[in-house]
Amino acid sequence: MINLSTCSFLVYRTMSKNQNNKIKDQKQFINLIVYGIGQGFNLITPLLVIPYIVSICGEEGYGKIGVGMAIAFFLMVLVDYGSEIIGVKEVAINRENKEKLESIFITTYITKAIVVCVLLIMVSLLFVAIPFFKNDKTLFFFSLSMVIGQFLNPTWFFQGLENFKWITILNIISKSIYLIGIFVFLKKPTDYVYCNLIWGTGMIFANTICIFYIVFSFSFSFLNVKRENIINQLKENFSIFSSQIFVSLQMYSPIVLISFFGGNFMAGQYKIVDQIIVVFKTYILLFFNFVYPRVCYLLDKNRRDALRFWKTFNGLNFIFVTILMLIISTISIRVVSYFNPKGIIEISSLLRIAIAIPILQSISIPLKQLVLGCNKQKEYVRATMIITILSLIIIVLITPTYKVLGVLLALILTEIITVLVYYMTIKNNIFNSQS
């Protein structure tokens with residue numbers, strides 16, 4: 001028979017476990033709210049300034065800004081050198097080991113410093129030598145401030161710790177500087193060259209503050225760096241870095257190709273469509289950043305709990321994104337009119353097609369969480385390379401004929417292929433093992 005003290009212990013342990021789960025759920029919900037506030041500010045700020053930018057610089061000037069920004073975003077992904085994936089995962093797993101955290105933080109920043117120096121030298125030579133860049137080299141050189149800002153960005157470290165308060169502070173400071181700067185310094189059409197510089201200045205200022213906070217709060221020292229750790233990280237993260245080159249090409253090359261084949265006015269039209277859907281694409285990526293550390297942590301502890309958590313958060317997010325896209329489709333003309341373009345009807349038709357991209361990404365990006373969380377880096381790199389090359393070939397072939405429409409159709413096809421490839425990659429490891 002079970003005595004009274006044993007029963008009491010079992011009841012207490014059950015209640016304690018339930019209480020701990022409740023506290024964890026409440027903390028997760030609070031983190032989501034805090035993170036959502038910061039990311040909402042991050043997403044809304046560009047929308048507040050775009051009508052003003054278009055009214056001052058026109059669609060052609062906005063197209064030039066978009067090309068410079070796309071090149072900067074491409075380089076920003078490379079500068080991260082896998083820290084937004086591997087760094088987040090390592091910090092999440094070792095969050096209770098201060099010595100290990102210091103090693104990860106210091107090694108990552110020195111590795112990124114090497115990468116950013118090499119990239120800045122290479123692209124500076126390209127801006128001077130290639131006529132396509134040379135004509136607007138001031139804009140492109142100013143855009144490199146965004147790359148420097150991303151090098152300083154410590155968001156990956158905060159993500160791993162699930163410290164979303166500081167991510168929110170960082171975003172609010174950075175975008176506030178951008179918002180104020182645009183309205184203060186953009187006064188005539190030729191001022192378009194300063195737009196990306198203002199964005200980069202906000203990033204540099206906010207990220208520098210956060211780095212000082214981390215170093216002093218955790219008492220990190222850059223004197224404790226080990227040369228072999230840097231060499232190992234350069235080697236180990238190279239595969240992810242290589243895959244991110246292709247991811248960046250897939251994400252940011254379309255507007256450059258449109259500008260090359262169709263001119264800056266057409267690039268401006270694409271940029272307006274992209275700026276609308278990029279709000280939701282960025283939201284999905286930010287949601288990935290919020291959920292990914294927890295998925296990695298749970299996969300390391302209990303795969304059943306990890307899959308349950310993954311299904312709950314990403315399933316609800318898919319429904320939310322789909323509903324939003326259907327709403328955008330029904331009011332597309334009103335949405336496009338907000339940006340003050342000339343071809344409202346044409347752009348709104350393109351927008352109704354483009355809404356398929358965020359819907360598909362709300363499936364592909366959660367699957368990417370599982371692929372990376374299950375240590376399928378090699379499969380991820382291989383799939384990313386093949387899919388991106390295929391996507392670029394399609395875009396190059398159909399853009400001269402079908403213009404912006406062709407690019408959007410190519411991107412939709414790419415997302416469908418990505419969903420299928422990711423699912424097949426982790427089907428046996430995750431879904432079949434849980435059935």
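Predicted model: local features only at pLDDT ≥ 70, side-chain atom pairs only at ≥ 80, totals over all residues.
Residues are numbered from 1 along each chain as its sequence is written, and side-chain values use heavy atoms, with hydrogens and water left out.

**Exercise 1. The chain as a whole**

Find how many helices and strands the chain has, and check its radius of gyration against that of a compact globule.

Step 1. The secondary structure comes to 16 helices and 0 strands. Helices (H or I, at least four residues) and strands (E, at least two) are DSSP runs, numbered from the N terminus.

Step 2. For 435 residues, a compact globule would have a radius of gyration near 22 Å, and the 23 Å of the chain agrees with that. The radius is taken over C-alpha atoms, and the globule rule is 2.2 Å times the number of residues to the power 0.38.

Step 3. Along the principal axes, the C-alpha atoms fill a box of roughly 85 × 50 × 40 Å.

Step 4. The accessible surface is about 20,200 Å², and carbon and sulfur atoms hold 68% of it. Such areas come from the Shrake-Rupley method with a 1.4 Å probe; for residues, only the protein chains shown count as cover.

**Exercise 2. Inside the chain**

Work out what share of the residues is buried, and which residues touch the most other members of the largest nonpolar core.

Step 1. Buried residues make up 53% of the 435 in the chain. Buried means under 20% relative accessible area, exposed over 50%, and partly exposed in between (1.4 Å probe, protein chains only).

Step 2. The largest nonpolar core has 131 residues, and Ile-53 and Phe-105 touch the most other members. Such a core is a set of buried Ala, Val, Leu, Ile, Met, Phe, Trp, Tyr and Cys residues joined through side-chain atoms within 4.5 Å. Helix 1 (residues 4-80) gives the most to this core, with 21 residues.

Step 3. Leaving aside residues up to four places away in sequence, Ile-53 touches several residues, among them Tyr-62, Tyr-178 and Leu-186. Contact means heavy atoms within 4.5 Å.

Step 4. Of the contacts with a separation of 6 or more, 83% are between residues 24 or more positions apart.

**Exercise 3. Aromatic rings**

Count the aromatic pairs, then classify the pair of Phe-133 and Phe-140 and the pair of Phe-158 and Tyr-213.

Step 1. The structure holds 27 aromatic pairs. Rings of Phe, Tyr and Trp (its six-membered ring) pair if their centres lie within 6.5 Å; planes under 30 degrees apart count as stacked, over 60 as edge-to-face and the rest as tilted.

Step 2. Phe-133 and Phe-140 have ring centres 5.4 Å apart and planes at 85 degrees, so they form an edge-to-face pair. Phe-133 is buried at 15% relative accessibility, and Phe-140 is buried at 4%.

Step 3. Phe-158 and Tyr-213 have ring centres 6.4 Å apart and planes at 35 degrees, so this pair is tilted. Phe-158 lies in helix 6 (residues 155-161) and Tyr-213 in helix 8 (residues 195-218), so the pair ties together parts that are 55 residues apart in sequence. Phe-158 is buried at 1% relative accessibility, whereas Tyr-213 is partly exposed at 28%.

Step 4. Ring pairs also link a cluster that includes Phe-105, Tyr-109, Trp-156 and Phe-222. Lys-112 lies over the face of Tyr-109, at 5.0 Å from the ring centre. A charge sits over a ring if NZ of Lys or CZ of Arg is within 6 Å of the ring centre and within 35 degrees of the ring normal.
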